[in-house]
Amino acid sequence: MGRLGARRRRRWAAAVLAAVAASSLVLVAGSTEAPPWAEQAVEWMAARDLAGHRSVAELVRFDSPRTVHLLCCNQGEPIKGREALADFLSMAFGESLEEGTMGRSYVDVSGAVVEYRFPADPVERSSGGTPPAEPDEAQVSEIAGDGGVTQTLHATSLQFLESPVYDGRAWYGGDLRAARPVIDRYLSAWSRRDAAAVGGLYAEDATLLDSLLGVRLKGRSVIASYDAAHGGARLRPSPVPAGGGPAVYAYWSGYQSHLNVFLAYTGDDGNGCPGGAVARLQIERGRIVAERRYHDVASMRRCVNRAQLPDGWWTHAAIPPPVQDQVTGTVTAAGRQVEVHNGTAGAEKLVRWAMARFPAARLGAPRVAFVAFGRDAHPEQCSGGTWGMAVEPGSSARVYLCLRVDRTTTAFQRSVALHELAHAWMWQNLDEEVQRQFVTRVGLPGWDAPAIPWEKRGIEQAADVIAWGLGDDPLRAQELSTRSCAELTAMFRLLTGAAPLQPSCPPLG
């Protein structure tokens, strides 16, 4: 299992999860009554929130293989494709998936904005002992015509980024405080129907897109003229989900030359219209270079004649069929027959290699019924940031590896495979006395009691030791990183009665 401990990485990952989840749409057979405008979008986004409380696999399997995920705050290269995303989320997010609360959602013809709130981690505190502020995140999902997500962009509330404990005001290539004066001027100018003030907000060749209202404008003067005819509704910033400060979210991208700001607001012309909306503003040198508006579905139904409202991505939202666990082959490994599920040529090679490492160390190979690959097909076994799981229902173990193995394997993948097979081997070979001796030698609170933290359980560190000893790479689990070769070798001998194969440590005389 791999996790990133920083609260920041988990929250960004949480935002990614929110942007790629989905579930089925409900259609009533034989019904001739047309559903309310964009009802499929409402159901789709509510269902994806439900899926977000299940597992990484439930979310990622709805993602398009071609999706590009632009994470908030310029954290490395964009993530491309569902496999890379699944690996990232499993490391960075872990079990805190269910903590998020969905806020408001907004749509345009080809995308959506969804607000989420994720509670602060009560364990992680600043150096001064002050609990961190609540992080709030907004994400944009650019949705293709087939209903698959093709690009996501994620931003975090200024209220959180500017909090004393986080102090992210000058992150990632620009000062996020640059958004404040632009937002204030934007709300004031559009509320007053002040064409000159509105024009002053935008760059000379700026664009404004409001696809639900059929508005596509280019140029400062054109946008100012539009305000003179259609502005005047009083705009007020909406609060962040579950209450708090203004819903203003920012993302300064190192891959672009501008600051992205998401402003959630409510417009009221005296009749409650146009209602809830989000303006996505791209700001460069203090001016808006591009604006895109999203609207609350309920507001559009109330304020606009349905005959004037266009169809959008929701009419083509496609739900992928459930992922099936399929037997793709049977391999002979260390003299045993092992089924491989959802495998590739590389996966079968990994099973053969890992099983063969046991007899290479003069140990009997574990009895394994099957080794199943893939996170999508095993949401229960691969939830909570887990990279693998071994189950012992009877005489033969069942091993789940939450990995995709292509033609070649990595040191990490080999280590995960050995770790899970080590569990199977220990169930079939270790007695309670050896378990007790190992726990005492290593200084752990117990072998496998549920109350013991996962990383402090003897059974997990023992599997790490065996995986290290059978491995062909010096990669070690974090809990073993401070142990010397002599200590690790002694632990391996205690557990197995054999010498390790590990080439990074010379044999002891």
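The side chains of R220 and E204 meet in a salt bridge with an N to O distance of 3.3 Å; the term stands for a side-chain nitrogen of Lys or Arg within 4 Å of a carboxyl oxygen of Asp or Glu. This pair links distant parts of the chain, with R220 in helix α8 (residues 220-230) and E204 in strand β7, 16 residues apart. R220 is partly exposed at a relative accessible area of 25%, while E204 counts as exposed at 56%. Here buried means under 20% relative accessible area, exposed over 50%, and partly exposed in between (1.4 Å probe, protein chains only). Helices (H or I, at least four residues) and strands (E, at least two) are DSSP runs, numbered from the N terminus.

A word on what you are looking at: this is a predicted model, in which local features need pLDDT of at least 70 and side-chain atom pairs count only at pLDDT 80 or more, while totals for chains, interfaces and linings use all residues. Residues are numbered from 1 along each chain as its sequence is written, and side-chain values use heavy atoms, with hydrogens and water left out.

The structure holds 12 salt bridges, including these:

| Pair | N to O distance |
|---|---|
| R220 and E204 | 3.3 Å |
| E115 and R104 | 2.8 Å |
| R293 and E291 | 2.6 Å |

E115 in strand β4 (residues 111-117) and R104 in strand β3 (residues 101-108) are 11 residues apart. E115 is buried at 1% relative accessibility, whereas R104 is partly exposed at 29%. As for R293 and E291, both are buried.

The backbone has a few details worth a look. A cis peptide bond joins C273 and P274, with omega about 10°, and P274 belongs to strand β12 (residues 274-284). R193, not a glycine, has a positive phi of about 55°; this residue lies in the loop between α6 (179-192) and α7 (195-199). A334 also has a positive phi, near 55°, and is found in the loop between β14 (327-333) and β15 (336-341).

Helix α11 (residues 411-429) reaches 26 Å from its first C-alpha to its last, close to the expected 27 Å, a span taken as 1.5 Å times one less than its number of residues. Because 14 of its 19 residues are buried, α11 is largely enclosed by the rest of the structure.

Finally, confidence: pLDDT, the predictor's confidence in each residue from 0 to 100, averages 78 over the protein chain, and 70% of the residues score at least 70.
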